[in-house]
Every structure is written in structure tokens, then in C-alpha cells.
2 protein chains.
Amino acid sequence: MTYCLAIHVDRGLVLCSDSRTNAGTDNVSTYSKMHSFLWPGNRMLCLLSAGNLATTQGVVKRLRNDAGQGAGTSLLSVQSMLEAADYIGMINAEIQRNQAERDISSTSFEASFILGGQIGTEVPATFMIYPQGNYIHESAEHPFLQIGEIKYGKPILDRVIRPDLSLEAAGRCALVSMNSTMRSNVSVGAPVELLIYRTGSLQEGRRLCLSEDDPFFRSIGERWSEGLLQALNNLPPFPWEGPVDEGQVYPFYPSP
Amino acid sequence: MTYCLAIHVDRGLVLCSDSRTNAGTDNVSTYSKMHSFLWPGNRMLCLLSAGNLATTQGVVKRLRNDAGQGAGTSLLSVQSMLEAADYIGMINAEIQRNQAERDISSTSFEASFILGGQIGTEVPATFMIYPQGNYIHESAEHPFLQIGEIKYGKPILDRVIRPDLSLEAAGRCALVSMNSTMRSNVSVGAPVELLIYRTGSLQEGRRLCLSEDDPFFRSIGERWSEGLLQALNNLPPFPWEGPVDEGQVYPFYPSP
């Protein structure tokens, strides 16, 4: 499986992806699922991929070829993020169709993508592109999108992501959501890639590739576990444990 | 859908279930999924149910009938929790088989259960009973079991559940796991039932039925959200945000 997410806050975009791929439990591998398309000062687009690896590689290769060879429609020629999502959706559906035509089994060639970026003076945008080639943007109330193994890391996003978050806070939140997913599901694995894009910069932004042993990434996981224990300690006691006293601390672990 | 979980700590058991059932989005209803079988001083068993409602109702009815009518094998006659799990698994498979025989469509009659309890001087135990009628107990490292919509509420359990937790702490943790699932998935809903059983008591223990508006349950959700924000505030800064200073606080929300 895969876990990728994109967060859209007022100050910019955060994109985050894991790197584990598998075709059965005995065929586990590492591939980057974060693909940047950058024309500095003009546009920055970043694509996160999930699903059939041959399809996602085919889509990314086609996007690079179209842009490199000056095709009539390419990530360089589109005038808006919406146009870009439409173009990628079309290619995604087309490549799946081609693969299905030469297949005599019932293999799934499906792939999904998250597209994030900014073109010129347009506001940054994020889209989720489905295997069928259609696409949606995030909601104003929950300005984030997820693909792949999305459930483990969703509650933290549901609770804290708001448009006025700082970019770095949104970045830390993405890493926590990823860390929780990796702990609970072995099919999602390091290295974790993180891109932090500041609105209006039209540069790639900050991009990190974090191994499982990376001191910063480890420290995020450890401090988060400590913070959760503290949050549990601060929960109100059950009625039979005595009156609720705001200043009282109820130890999470039993005292000796 | 459904979300039920059981936590087994040294001091006893915590069982927790939601109450939402649905057959399609226009047929949503409320049923308790927590079924207690109590013979005070002798044994306490509690069954949490997920899956086809006709099957789970059929299983519970059969269990009550067998015990009430003094059947050869019943929850009152079994000598151990393992025997109880085996007996429930057999009934579960049998009822599904009977329902499938009279069905000409391809309806799924599957149901799963979590069984928790204590018989006599045996140590308390929890089992997960599959639709196929077989069953497993929890692992020593992660002493909890879940059925239904399990992913949203799993990361918190993975991080904090240990056998030496106090019963009340485990109970609060179960409520947090349930609260997160309800926030992220509309098919899991209140009232939430919680049973806290103390090892050796052979009584029902503390049983709560918490509506969405219950002040204690609301307070758990609110304080947990606050605690998560605080935990995010205490995460280490990215390298470019300046040197890591243990005493420094990085505000999660941007200062004005």
C-alpha cells in the first residue's frame, strides 16, 4: 500500500508521501512517490502517486516527455491547476486503458494521484485524481487530501488542520499522520518525503527525505508519543474517581 | 458499520462499543452491541457484536436461551473462556449457515464478536470470534482487540496500551479511540457503551451508556483535542526554524 497526503493552508502547501511498494509480501521495494515538476518563477507542480506502479511510472514518464518535447498540452502549457488535473486525469485513464487491452487476466491497473502546486499568479491548489480520470479539490472545512492507506492518519488531520496553520505546523502534522500510519500498518514505510511550498514563491520549496533512523523524524515520533501520554493524563476522571478538579492531575500509569 | 474494542490490562478488562447500525444510508438505526451474561460470584461474560444484525441477534438469543433452559452446553456450563469462545464460534457459524440456506441472493450474513470476561478463578480473557467460527486471543505486546471500523482508533491504542495501565486510564483511552472513530467516520455513532471489569470481582463492573451530549463524553473529546494541539506545539522544529532548544515553545497556530 501507500500513504500520501496534501495539506492546503493559507501560507502554502504541504505534501507528504511514504516510499514502500509491494506486489505480495515477498516483493517489497522502495520507490519515491513524490514527483516534482518545476519551472522556477513560472510554476511548481508536485504529484503524489498511489496504486499500480507500472501505471504511475507510465503517467509520470508521459508527463515529463510531453513537457520536454513541447507537446500541444503539457504541464508547462496548461493555464491553471484545474487544467493540469484534467490533463493528468486523461493520461491516467488512457494508460490504464492501454494496459488493460493487452492483459488477459483481471489485473487492476488502477492508480490515483494527488496534485498540488501553483501556476503563475493563480492561488495554489490541490486535487485528488481518481483512477477513472476525474478529480476533486479539497473542502474548505477540511483542507487536506489523502490517498492510499488513509484511515490511521485521518483523525489527527480532522482535529487540527485549519487554513490559518503555519506551514511548519502543517508539516509537523503531516509527519505525525505519516508516523502513526507507519506504526499501525507495515505496508506503509520510510523513507518519508515531505515538501513544504510557500505561496507565491514559485520555487520547489523545502524538500526533505527522511529515513526511519533520521534523528529529526525519530524525535517527531518520540515527542508525539510523550505528548499523547500527557494528553491522556489530562483527561477528566470518571465520576466515581472523585470530583473533577481542573488543577488535579490523574496519572495515566498507576503509581507504584 | 460498527466499532467495538476490548482492552485487557493486569487489573481487568475494558469493553467499548458504538450503537449505530445501517442497511444503506437511508436505514440507519440504534442498537446496543454490548451483551452481558452475568452470574454474580460465578462468572461474567460480555459479548460485543459487529456485522449482520439478524445474525448477531440470533446468536445472542441462542446464547440466552441455552443458558436459561439449562442446555448441555451454555455460557453457564462452559469451564473456561476458551470453551466459551469455541461455543459462541460454533453458534455463529451455524446461524450463518442456516440463513444462507434459505437465501437465494448473495447476501452476506457474516458477523464477528469480541468476547471478554472471567470464569471462576481463571484469569480474565478476551477473544475475537470470526465469521468462520474460529477465534484468537489478543497478543501480549498489544493487549487489545478491535472489530468493525478499526483503523481510525488504532494508532492511539498502538502507542499507549500496556498491561500495567490502570483500568480507568484504559477506559479513557477506549473512549478516545471511539471518539476519534466517530469524528472520522459517520457510520460509527453514539450512544457509546463502556464496561470496566475489575479482575476477580465476578460482578458486572462499571457500565456506562454515553450519549453524544453526555457532559463527561463531550469533555473527553474536548480535552483530548486540546491535548493534541499541545502535543503538536511541543514537537521539535524543522532544522531551518533554528536550533532545537528543549525549553522553547513553537506555537502551533501563527502568532498575530
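Predicted model: local features only at pLDDT ≥ 70, side-chain atom pairs only at ≥ 80, totals over all residues.
1. Let's start with strand 7 of chain B. From this strand, B:A111, B:F113, B:L115, B:G117 and B:I119 point one way, while B:S112, B:I114, B:G116 and B:Q118 point the other way, and all are buried.

2. How many of the residues of strand 7 of chain B are buried? It's 9 of the 9, so the strand is largely enclosed by the rest of the structure.

3. Now look at who sits beside it. Strand 6 (residues 43–51) of chain B runs antiparallel to strand 7 of chain B, and 9 bridges join the two. In one of these pairings, B:L48 has B:I114 as its bridge partner.

4. Strand 8 (residues 125–129) of chain B also runs antiparallel to strand 7 of chain B, with 5 bridges joining them. Here B:F113 stands opposite B:I129. The two strands form a hairpin with 5 residues between them, and B:G120 in the turn has a positive phi of about 55°.

5. Over to chain A, where you'll find an open sheet of 5 strands in the order 10-1-2-11-12, with antiparallel pairing. Its edge strands are strand 10 (144–148) and strand 12 (206–210), each pairing on one side only. From one strand to the next, the twist averages 10°.

6. Strand 11 (residues 192–198) and strand 12 of chain A pair over 5 bridges, and A:L195 has A:R207 as its bridge partner. Helix 4 (residues 167–184) of chain A lies across strands 1, 2, 11 and 12 of chain A, running at about 160° to strand 11.

Definitions and conventions
Residues numbered from 1 in each chain as written. Chains lettered and ligands numbered in written order. Heavy atoms only, no water. Pairing = 2+ DSSP bridges. Helix = DSSP H or I, 4+ residues; strand = E, 2+ residues; numbered from the N terminus. Axes fitted to C-alpha atoms, helices over the stretch in contact; angles between N-to-C directions. Contact = heavy atoms within 4.5 Å. Buried < 20%, exposed > 50% of the residue type's maximum accessible area, 1.4 Å probe, protein only.
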